[in-house]
Protein chains: 2
Amino acid sequence: MIAEKMKNMVANSSAIRAMFEEGTRLAGIYGAENVFDFSLGNPNVPAPEAVKEAVLELLEDEDPVVLHGYTNSNSGYADVRGAVAASLNERFNTNFSVKNIIMTVGAAGGLNVILKSLINPGDEVIAFAPYFGEYRSYTNNYDGVLVEISPNTVDFQPKLDEFEQKITPKTKAVIVNTPNNPTGVVYSEETIKKLTAVMEAKQEEYGTEIFLISDEPYRELVYDGAEVPYLTKYYDNTIVGYSYSKSLSLPGERIGYLVIPDEAADSEEILAAANVATRILGFVNAPTLQQKIVAKCLNEKTDISYYDRNREALYNGLKECGFECIKPEGAFYLFVKSPAADEKEFCAAAKKYNILIVPGSSFACPGYVRLAYCVSYETIVNSLPKFKELAKEYF
Amino acid sequence: MIAEKMKNMVANSSAIRAMFEEGTRLAGIYGAENVFDFSLGNPNVPAPEAVKEAVLELLEDEDPVVLHGYTNSNSGYADVRGAVAASLNERFNTNFSVKNIIMTVGAAGGLNVILKSLINPGDEVIAFAPYFGEYRSYTNNYDGVLVEISPNTVDFQPKLDEFEQKITPKTKAVIVNTPNNPTGVVYSEETIKKLTAVMEAKQEEYGTEIFLISDEPYRELVYDGAEVPYLTKYYDNTIVGYSYSKSLSLPGERIGYLVIPDEAADSEEILAAANVATRILGFVNAPTLQQKIVAKCLNEKTDISYYDRNREALYNGLKECGFECIKPEGAFYLFVKSPAADEKEFCAAAKKYNILIVPGSSFACPGYVRLAYCVSYETIVNSLPKFKELAKEYF
C-alpha cells in the first residue's frame with residue numbers, strides 16, 4: 001500500500017532498527033552497564049547549563065504569543081538570524097546579514113530545504129565515501145542522483161582525481177562533511193583549495209553553477225587544535241548547513257541553520273526558494289523556543305575534553321588490541337578497519353561481546369566499522385577487555 | 001538557478017509575503033493599533049500557564065541528555081506516544097496504542113510524512129474547496145495530483161455528488177479539514193457518514209484502498225457545543241493528523257502527531273514507512289522538549305471564550321454592515337462573501353482602511369475572503385467602524 005519509493009527504504013532501515021532493538025534486548029538480559037553501545041551519534045555530554053538558564057529567562061521575559069508563535073518569515077526570527085550572522089562574521093571574518101541565514105529543523109532539515117530548492121529530477125549530487133548514508137535519501141527525495149566518489153582509505157581525504165572525472169554538466173551540488181562522519185577526519189585547507197579549484201574549473205568548462213554544500217554539525221568538535229576552514233571563503237557557490245545538535249547537545253530539539261551567501265549565484269532567488277521550501281516541506285519554521293535559546297548560547301561550547309578523553313582511551317585501547325584505525329581530529333567517531341573481509345561478520349562477532357558497532361557499508365565504505373564514542377568514559381574502559389577478547393579471534 | 005518545481009511556488013508565494021510586508025509597512029506609518037490585520041492564523045491567546053509549568057518541571061526532573069536527545073524511535077518518545085493514545089482512547093472511545101501514534105513537526109510535518117509514505121507519482125489526492133492552499137504544495141512535493149471538489153457555497157459542507165464522480169482508480173487519499181480553514185464549518189455526522197459511504201463503495205468498485213486523511217488542528221476550537229465526529233470510527237482507512245498549534249497556542253514550536261490505526265489497510269507497513277519518512281524528510285523526530293510538554297498538557301485547553309467573543313463581535317458587526325457570511329462553528333476564521341466580483345479588488349479596497357484580509361482564491365474559492373479573528377478583541381471593535389466605511393462603497 002505504501003509508495004514505491006519508500007519500499008526499499010523501509011526494507012533497508014530495518015537493519016538499523018534491529019540494532020536499536022538488539023541493544024535494548026541485550027541491556028534487559030545483561031544489564032545496561034554490560035552492553036557497549038557504540039552505534040549512535042547521540043551526544044552523552046549534557047547541554048551546557050546556559051541552555052537551561054536561557055529557557056528560564058525566555059519564559060520570564062518574552063511574550064508567550066511571540067515566543068511560541070509562528071515567525072513572521074518562515075526563515076525564522078529576524079533577531080535570531082541577525083545574531084547568528086554577527087557571530088559567524090566575528091568568528092570567520094565573513095560578511096553575512098539577517099537575510100543570508102535561514103533557521104532550520106537541524107542540519108537534516110536544512111539539507112532537505114536546500115536540495116528541494118536546487119535539484120531538478122536527474123541532477124547529480126556528489127558525495128565522498130565514506131559519507132552519512134542519509135545524503136542518498138535526501139537526494140532521492142527530490143529525484144536527484146547521488147554520485148559517489150570512492151573512499152581514499154589511506155587518510156580519508158577526498159579522492160580529487162576521481163572527483164574531477166565524475167563531475168558532469170548535470171552536477172548540481174557537492175556535499176562535504178568536515179569534520180567527517182564516520183571518519184572523524186578534518187579536510188585540510190590544502191584539500192579545500194584543490195577541491196574548490198576543481199569545481200571552479202568545471203563550472204568554467206561546462207558553463208554551469210555547482211554548489212558546494214558544507215554539512216557541518218561537527219564544526220565545533222575538534223581536537224589537538226585542528227582548524228576547520230570556513231568554506232564560503234574559498235568558493236562563492238558555497239552553502240553551509242549547520243546544526244546545534246552536537247555543539248550544544250540538542251539533537252532532539254531540531255535546530256540549525258543554512259547560510260546562503262550573497263556571493264552564491266542567484267543568491268536572492270535561492271534564498272526565496274529556501275524560504276518557501278521551509279514552508280511547503282512542512283517545517284513551517286524552526287522550533288521557535290529553540291531559535292531563541294541558541295541565539296542566547298552562541299558563545300557556549302560543549303565539553304570537548306570529555307569526548308577527547310574518550311577518543312584517546314578508545315583509540316589507544318583499540319590500537320593495543322591490534323586494530324587499525326586513523327586517529328580522528330574531529331567529531332566523535334572512530335572508523336576502524338574490519339579484521340574480517342566482510343565487516344558485517346565482524347559486527348556480528350562483536351555483538352557476541354555485547355559490543356554494538358555500525359558496518360561501514362552504511363557509509364558506502366565496506367571493510368570498515370564505525371564506533372561512536374559519545375558514550376560514558378566507563379563504557380569505553382569496560383569495553384576494552386571485551387575488544388581484547390574479540391581481537392583474539394582475528395590476530 | 002533554482003529547481004523548476006520551485007519557480008512557480010516562489011512566484012506565487014510573494015503575494016502572501018507582500019501582505020506581511022504591507023502589514024509591517026502600514027503599522028510603521030499609522031501605528032500597530034490602527035492596522036487591522038486579519039490575515040494570519042497565528043493564535044493571540046497565550047499558551048496555557050501549564051505549558052510554562054511543564055517546562056520548569058521538565059528542566060528540573062529530566063536528564064538533559066534524554067530531554068534534548070534523539071528519541072530512540074524516529075516516531076517519538078514511547079511514553080509520550082502512549083499518553084497521547086490513552087488520552088484519545090478516553091475521549092473518543094478508540095483503541096490506539098503506542099505504535100499507532102507518530103509524533104510530528106506539527107500537522108504540516110505530519111501531512112508531509114503521510115503523503116510521502118503513500119503517494120506514487122500521478123496518484124490523486126482529493127480536497128474539498130475551500131481548502132488550505134498548502135495541500136496542493138504538499139501533494140506536489142510527492143508528484144501527486146490534487147483533485148479539487150468545487151465549493152458548496154450554501155453551507156460549505158462538501159459536495160458529495162461531485163466527489164463521487166471525481167473518485168478514480170488513481171485516488172489514493174482524500175483530505176478533510178473539520179473544523180475547516182477557511183470557513184469555520186464543522187462537517188456534520190451525517191456528512192461524514194455519507195462521505196465515508198461513498199468512499200467504501202468506490203473502494204469496492206475499484207478494488208483499491210482510499211485513505212481519508214483528517215487534518216484537524218482545529219478539533220478543540222468549537223463553539224455552541226458543536227460536536228466534531230472522530231473519523232477513525234466511521235471509516236477504517238482513516239489517518240488523523242493533529243497539531244497543538246491552536247489548541248495549546250504553540251504554532252511556532254512545531255508539535256503534533258499522526259494516528260495510523262490498526263484498522264487501516266497495511267497499517268504496519270504504513271507505520272514503518274511513516275517512521276522512515278519522518279527521518280528522511282529531515283524532521284528526524286518531533287522536537288523533544290515539546291513532545292514532553294504536550295504529554296503533560298493533554299487535558300489543557302486554550303481560552304475558547306476569547307475566540308468566541310471575537311467570533312460574535314466580528315460576525316455580528318459584519319452582518320450589520322451588510323456583509324454575507326455563514327456563522328462558523330469552529331476554528332477562528334470567518335469566510336465572507338466578497339461584495340465585489342473579483343475578491344482581490346475587495347481585499348485591495350479593504351487595505352485602504354488598513355484592513356488586511358486574504359482572498360478566497362488562496363483557498364480555491366474565489367469570490368470570498370478569509371478573516372482570521374485570532375486577534376485582540378480591541379482590534380475587532382476598532383475595525384468595525386472601518387468595515388462600515390468599507391461597506392458603504394458597495395451597499
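At what angle do the axes of helix H4 (residues 78–92) of chain B and H10(B) cross? They cross at roughly 35° and come within 9 Å. Axes here are lines fitted to C-alpha atoms, for helices over the stretch in contact, with angles from 0 to 180 degrees between N-to-C directions. Helices are DSSP runs of H or I, at least four residues, numbered from the N terminus.

Before going on, the conventions. This is a predicted model, where local features need pLDDT of at least 70 and side-chain atom pairs count only at pLDDT 80 or more, while totals for chains, interfaces and linings use all residues. Residues are numbered from 1 along each chain as its sequence is written, with chains lettered from A and ligands numbered from 1 in the order in which they are written.

H4(B) contributes Asp79(B), Val80(B) and Ala83(B), and H10(B) contributes Gln291(B), Lys292(B) and Ala295(B). Contact means C-beta atoms, placed from the backbone, within 7 Å. By class, that is three nonpolar, one polar and two charged residues; Ala, Val, Leu, Ile, Met, Phe, Trp, Tyr, Cys and Pro count as nonpolar, Asp, Glu, Lys and Arg as charged, and the others, Gly among them, as polar.

Now the interface. On chain B, 63 residues are in contact with 63 residues of chain A. H10 (288–296) of chain B is among the elements giving two or more residues to that side, but H5(B) gives the most, with eight. The chain B side divides into 34 nonpolar, 20 polar and nine charged residues.

Notes: Contact = placed C-beta atoms within 7 Å.
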